[in-house]
Amino acid sequence: MPIVPDVPAHGGDQDDDRGAARLSGPLFRNETQNPEPMPDAPQPAHAPQKKSAGRDLSAAIGVGVGLGVVIIASLFVVKAVFVGVVAVAVVVGLWELTSRLRERKDIGAPLVPLAVGGAAMVVAGYVRGAEGAWVAMALTALAVLVWRMTEPPEGYLKDVTAGVFAAFYVPFLATFVAMMLTADDGPWRVLTFLLLTVVSDTGAYAVGWRFGKNKLAPRISPGKTREGLLGAVLFAMVAGALCMQFLIDDGRWWQGLLLGLAVAASATLGDLGESMIKRDLGIKDMGTLLPGHGGIMDRLDSLLPTAPVVWLLLVLFVGSA
């Protein structure tokens, strides 16, 4: 997810992973059965539930603004600096993911080849395009296989499988951001990608918080609602039409409507995908690096799967130059 604060609440459209580590059996089933009260026992009065932010909003907003300044400054000043920012985010995200896998599942995906290969993948995507990204991905997977051979064979298959998954999930998907940047209007394409993802998440949160009643995927993310998804679609389509009309060379507003619809879908699926991973690991956040947000991976969850979608549609709509 991008830099929008993750604010779980009753009726909201945000994921609340609190207590996930204590769950057993089917997710979200209340397995703690309270004894039936005595017939004559006085029943406690139930105070009306009050919506709670669940996170430090001031810290979340401050960190979000700070990240936004760094991203925008690097994006429009020197493209290579922005590529470096993406590479750093990828390495930190890989560190968070592999650390949680080791702690919660005893899966030892090798970090060193993943970090080196992941950074190289982002640079290769910027310098050589899709061909360079695929070659770097293949070499990273090979490095993971070889690196793990230096340890005992027990658990080899699960470790290298997790390593190849991590290489694809984090750095390979992030290379599409670097490839967007190579176009003449590359900074504006990347800005459009970031804006639409943030607006989609904001629309989901705002509409879900106010009107959300029908759960979207209660077994995965109990806070997400169908109304929130509708808000994400509407907000993203409007923002997409404006961005394509005014920010992208040769872009048309109707293309932005399609782009916004695709972003809302991919961002939601990406958010649900990482929620699934965190449910399996029994954690709320992937890390604690960003106060009020969790970890880097908690901000990348909807950005990563959205990057190839936006890259592809922009190439189809206006070309890659």
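Helices here are DSSP runs of H or I, at least four residues, numbered from the N terminus. This is a predicted model, in which local features need pLDDT of at least 70 and side-chain atom pairs count only at pLDDT 80 or more, while totals for chains, interfaces and linings use all residues. Residues are numbered from 1 along each chain as its sequence is written, and side-chain values use heavy atoms, with hydrogens and water left out.

Next, the core. A nonpolar core is a set of buried Ala, Val, Leu, Ile, Met, Phe, Trp, Tyr and Cys residues joined through side-chain atoms within 4.5 Å; buried is under 20% relative accessible area with a 1.4 Å probe, protein chains only. The largest has 59 residues, and Val190, Phe193 and Leu259 touch the most other members. α4 supplies the largest share of this core, 15 residues. Leaving aside neighbours within four places in sequence, phenylalanine 193 is in contact (heavy atoms within 4.5 Å) with residues including Val177, Met180 and Leu303.

What lines the largest pocket? There are 30 lining residues, with Ile71, Val85, Leu194, Leu300 and Leu303 nearest the centre. A pocket is an open set of points on a 1 Å grid over the protein atoms alone, where a 1.4 Å probe fits, with protein on both sides within 12 Å along at least five of seven lines; lining residues have an atom within 4 Å of a point. α2 gives the largest share of that lining, 7 residues.

Conventions: Buried < 20%, exposed > 50% of the residue type's maximum accessible area, 1.4 Å probe, protein only. Helix = DSSP H or I, 4+ residues; strand = E, 2+ residues; numbered from the N terminus.
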